[in-house]
Amino acid sequence: MSYEENRVRVKVYGSLSGKSPFLVPVASVPGKTCRLHVLAAEGFAKMAEAIKANLGLDLAITSGWRPHRWKSREDYEKTMIAKYGSVAEGKKWMAFNSPHETGLAMDIGVGGLTPNRKTASQQRETDLHEWLVEHAFEYGWHPYKKEPWHWEYPLDLESYRSGLRKS
């Protein structure tokens, strides 16, 4: 077991364009079309097979790659102050840069996992979350511990930029 955070940082990887050939579709919850970086998608597919075999569950996500959401740092700070009362408080809930911008982060939307902070403690008790804690690292996925539904796929920069695994 390796339930350790290994965060994906936009300042390290940069953001992918929505037109990037490295973004490929993955299994998504009904009504969504989600994409991940091609190498993260490979890890996702292998992990989904194992989850299906172990839990009988079809892994699907509610969010993968998404574009940078803020027009500027000023726009971000105004929103944080309006919504949370201060930038410092807002940063606890919404980042200026999201690892989703890299295509190396996903939010799971099945098996009792869903992007909802109000139910985070219950989500940690689901069979799927317990399985992920025990096995996700075997497929290259690492948790963001504050959000049981959110998992990240860190890569070396050469693989990220080329879409090919180092041999």
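His 142 sits in strand S5, which covers residues 142–144. Helices (H or I, at least four residues) and strands (E, at least two) are DSSP runs, numbered from the N terminus. The model is predicted: local features need pLDDT of at least 70, side-chain atom pairs count only at pLDDT 80 or more, and totals for chains, interfaces and linings use all residues. Residues are numbered from 1 along each chain as its sequence is written, and side-chain values use heavy atoms, with hydrogens and water left out.

His 142 counts as buried because its relative accessibility is 14%. Buried means under 20% relative accessible area, exposed over 50%, and partly exposed in between (1.4 Å probe, protein chains only). The side chain of His 142 reaches the backbone oxygen of Glu 4 at 3.3 Å. Contact in general means heavy atoms within 4.5 Å. Leaving aside neighbours within four places in sequence, His 142 is in contact with Glu 4, Asn 6, Phe 137, His 150, Trp 151, Glu 152 and Pro 154.

Glu 152 is also the bridge partner of His 142 in S6. Two strands pair if DSSP finds at least two bridges between them. S5 and S6 pair in the antiparallel sense over 3 bridges. They form a hairpin, with 2 residues between them. S6 also pairs with strand S4 (residues 105–108), again in the antiparallel sense and over 3 bridges. Here Ala 105 has Glu 152 as its bridge partner in S6.

Ala 105 leads on to Gly 64, as Gly 64 touches Cys 34, Arg 35, Leu 36, His 100, Ala 105 and Met 106, not counting residues up to four places away in sequence. Gly 64 lies in the loop between strand S3 (61–63) and helix H3 (73–84). Its relative accessibility is 2%, so Gly 64 counts as buried. Gly 64 and Thr 102 are 38 residues apart in sequence, and their C-alpha atoms are 9.1 Å apart in space.

Helix H3 has 12 residues, which at 1.5 Å a residue should span 16 Å; its end C-alpha atoms are 16 Å apart, which agrees. The expected span is 1.5 Å times one less than the number of residues. Glu 74 lies in H3. Glu 74 counts as exposed because its relative accessibility is 52%. Just after H3, Gly 85 takes a positive phi of about 95 degrees.

The chain comes to 7 helices and 6 strands. Along the sequence they follow the pattern α-β-β-α-β-α-α-β-α-α-β-β-α. The radius of gyration is 16 Å, close to the 15 Å that the globule rule gives for 167 residues, so the chain is as compact as a globular protein of that length. This radius is taken over C-alpha atoms, and the rule is 2.2 Å times the number of residues to the power 0.38. Buried residues make up 44% of the 167 residues.

Note on methods: A polar contact is a pair of N or O atoms within 3.5 Å; within protein, one must be able to donate a hydrogen and the other to accept it, and residues adjacent in sequence count only if both atoms are side-chain atoms.
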